[in-house]
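Here is a friendly walk through a single chain, written for someone who likes to know the cut-offs behind each number. Please have a look at the model first.

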Amino acid sequence: MVTATAVQDNLTVEEFITEPPDNMELVDGQLVEKNGMTLKTGKIQLRLGNYWGDYKDSSGQGGEAYVEVPCRTSRQIRRPDVAYLTPELVAQYGNLATLPQSFPLIAEIVSPTDIAEDVFLKAQEYLASSCQEVWLVFPESSLIFVMTQNQILTFRSGDTASTQQILLGFSIEVDRLLA
């Protein structure tokens, strides 16, 4: 996840959905640019996307892993840092420019400029919009929160974080992901 800064908005929701501008989200009716990505957060984002992608192949679960692609929540159009789409949803929506719902599994990599309250509100927004599991990755404090509708699990340095509902069986040592 990165901090968003408001910019001028001349797009309709329909235009945004069919041709989403790079590095932009539509939040509260405003077009905002995602910024604040650091080398460290970018490295972790790519690493987690690769791990999810490799796991969905090796486990035979299929589907697709993505980074920075737009999806529609019940309130906004967001770009999760990392997302996983099940094979069924890939078959149904895989060729669209913007996913018309939240991804089932999402990760936000928290940058040093992010506000914690905003990060947790964004996770709740995803969960209220058909997402089943959200990973909030805090690189500077070596924490990963895994959120579902019913629980929030905390993993720290020395722990192994694991999926709870989607991409079942995936796990990663916190220190390995955040190294």
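Let us begin with Cys-71, which is buried at a relative accessible area of 0%. Here buried means under 20% relative accessible area, exposed means over 50%, and partly exposed lies in between, with a 1.4 Å probe and protein chains only. Cys-131 is buried as well, with a relative accessible area of 3%.

For Cys-71, the nearest cysteine sulfur is that of Cys-131, 8.2 Å away, and Cys-71 is in no disulfide. Cys-131 is likewise in no disulfide, its nearest cysteine sulfur being that of Cys-71.

## About the model

This is a predicted model, in which local features need pLDDT of at least 70 and side-chain atom pairs count only at pLDDT 80 or more, while totals for chains, interfaces and linings use all residues. Residues are numbered from 1 along each chain as its sequence is written, and side-chain values use heavy atoms, with hydrogens and water left out.

## The chain as a whole

The secondary structure comprises five helices and 13 strands; these are DSSP runs numbered from the N terminus, with helices being H or I of at least four residues and strands being E of at least two. The chain has a radius of gyration of 15 Å, close to the 16 Å that the globule rule gives for 179 residues, so the chain is as compact as a globular protein of that length. That radius is taken over C-alpha atoms, and the globule rule is 2.2 Å times the number of residues to the power 0.38. Along the principal axes, the C-alpha atoms fill a box of roughly 45 × 35 × 30 Å.

Of the 179 residues, 45% count as buried. The accessible surface comes to about 8500 Å², and 50% of that belongs to carbon and sulfur atoms; areas come from the Shrake-Rupley method with a 1.4 Å probe. Taking contact as heavy atoms within 4.5 Å, 57% of the contacts between residues at least 6 apart in sequence join residues at least 24 apart.

Now for the charges. Counting Lys and Arg as positive and Asp and Glu as negative, and leaving out His and the chain ends, the mean positions of the 12 positive and 24 negative charges are 4 Å apart. Each charge is placed at NZ of Lys, CZ of Arg, CG of Asp or CD of Glu.

## Positive phi in two loops

Which backbone angle is worth a look at Ser-130? Its phi is positive, about 80°, although Ser-130 is not a glycine. Ser-130 lies in the loop between α4 (116-127) and β9 (133-138) and is partly exposed, at a relative accessible area of 40%.

Leu-167, also a residue other than glycine, has a positive phi near 55°. Its loop runs between β12 (160-162) and β13 (171-173), and Leu-167 counts as buried at 2% relative accessibility.

## Places along the fold

Asn-150, in the loop between β10 (143-147) and β11 (152-156), is exposed at 72% relative accessibility. Its C-alpha atom is 9.9 Å from that of Gln-132, 18 residues away along the chain. Gly-94 sits in the loop between α3 (87-93) and β8 (105-109) and is partly exposed at 33%. The C-alpha atoms of Gly-94 and Gln-76, 18 residues apart along the chain, are separated by 20 Å.

Phe-138 belongs to strand β9 and is buried at 13% relative accessibility. Leaving aside neighbours within four places in sequence, the contacts of Phe-138 include Val-110, Val-119, Phe-120 and Leu-178. Leu-143 and Phe-145 are also among them. From C-alpha to C-alpha, Phe-138 and Ser-162 are 15 Å apart in space and 24 residues apart in sequence.

Definitions and conventions: A disulfide is a pair of cysteine sulfur atoms within 2.5 Å.
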